[in-house]
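Please consult the sequence and structure shown below.

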Amino acid sequence: MTAAGTKLPARASAGPDGSESPLARVNAPRSFFSGSGQTVREVWQYRELLGNLIRKELKVKYKDSALGFVWSLLLPLVQLAVYWLVIGKFLGAGSIPTYGVYIFCGLAVWTLFSEILSTATTSIVFNAGLVKKVYFPRELFPLAATGAAVVNFVFQLIILLVAVVIAGVNSDKWPQLSNLPLPILGLVVLVVFATALGLLLAAANVYLRDVQHLITVVLMLWFWVTPIIYNVRRVSSELPSTLYTVYLMNPMAPVVFSFQKFFWPQGEGTEYEFSGNVYGRLGVMLAVGLVFLWLSQRIFAKAQGNFAQEL
């Protein structure tokens with residue numbers, strides 16, 4: 001026996017040829033400001049595992065399901081039908097041109113955002129067995145949740161494109177290719193911001209399981225303060241200018257505007273179109289999102305040392 005606090009010498013481990021090799025420390029502490037570069041290299045090194053985790057996320061979600069990926073379309077389509085009927089017809093918002101396309105522009109990106117946050121938050125806890133058994137970058141779990149959500153988003157995007165074609169035939173208004181960078185930039189902003197927030201929530205949920213329930217409530221409130229089913233001009237007329245400025249700081253607002261600008265040409269030039277600088281807002285959000293992503297990853301890296309013990 002050794003006295004408390006006495007360090008035992010590191011023993012060499014046997015290599016494949018029977019020779020002894022020095023022990024190597026796994027997941028050694030890194031500098032808060034310079035450790036992110038090493039993490040990026042490790043994630044790239046384990047990219048094949050990341051792909052397998054994404055496939056696992058998709059297979060588990062639709063395991064023993066007859067409809068498979070159709071279920072990823074069912075919820076937004078049902079939401080679209082309900083909002084179109086209740087908000088569009090019963091409450092009179094149907095005066096917005098091609099209201100169905102207008103709603104689905106927002107619902108598609110919101111479904112992606114909420115799915116990333118919901119699955120990333122529980123990704124570490126749900127993979128506790130792997131966390132305890134073997135080392136690899138724990139960031140792979142939230143990243144796999146993001147990747148699986150993006151795959152599901154592709155199917156919703158197909159539905160949106162079909163709706164745009166139908167609306168274009170009926171109104172002779174088609175998306176302008178010059179606006180195509182807008183939804184691409186909006187999608188990048190969404191993924192960056194959602195991944196950053198997902199990393200924070202995934203780490204927090206390990207230590208406090210209430211986080212996974214709290215995020216459901218937060219997403220419900222967040223949905224209603226995002227201009228998805230109502231016109232943003234209505235908000236500007238109801239709120240003082242200061243509160244309206246705060247309202248537009250919602251990172252999902254310019255993402256929704258970017259998709260509406262391209263996929264909803266029927267609103268161009270009408271009172272329902274957002275007239276602000278969408279490119280400028282997306283640029284600011286992307287810069288903020290990248291800083292937030294770096295900060296979230298560093299906080300995640302500091303917290304992951306005790307994941308196995310907490311799980």
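**Surroundings of L219**

L219 touches W110, F113, S114, L117 and S118, leaving aside residues up to four places away in sequence; contact means heavy atoms within 4.5 Å.

L219 belongs to helix α9 (residues 211-224); helices are DSSP runs of H or I with at least four residues, numbered from the N terminus. With a relative accessibility of 8%, L219 counts as buried (under 20% relative accessible area; exposed is over 50% and partly exposed in between, with a 1.4 Å probe and protein chains only).

**Basis of the model**

The model is predicted: local features need pLDDT of at least 70 and side-chain atom pairs pLDDT 80 or more, while totals for chains, interfaces and linings use all residues. Residues are numbered from 1 along each chain as its sequence is written, and side-chain values use heavy atoms, without hydrogens and water.

**The salt bridge**

The structure holds one salt bridge, defined as a side-chain nitrogen of Lys or Arg within 4 Å of a carboxyl oxygen of Asp or Glu. Its partners are K261 and E273, at 3.0 Å from N to O. K261 lies in helix α12 (residues 252-263) and E273 in the loop between α12 and α13, so the pair ties together parts 12 residues apart in sequence. K261 counts as partly exposed, at 24% relative accessibility.

**Helix α13**

Helix α13 (residues 278-303) comprises 26 residues. Its buried residues include V278, L282, M285 and F300.

Definitions and conventions: Helices (H or I, at least four residues) and strands (E, at least two) are DSSP runs, numbered from the N terminus. The expected span of a helix is 1.5 Å times one less than its number of residues.
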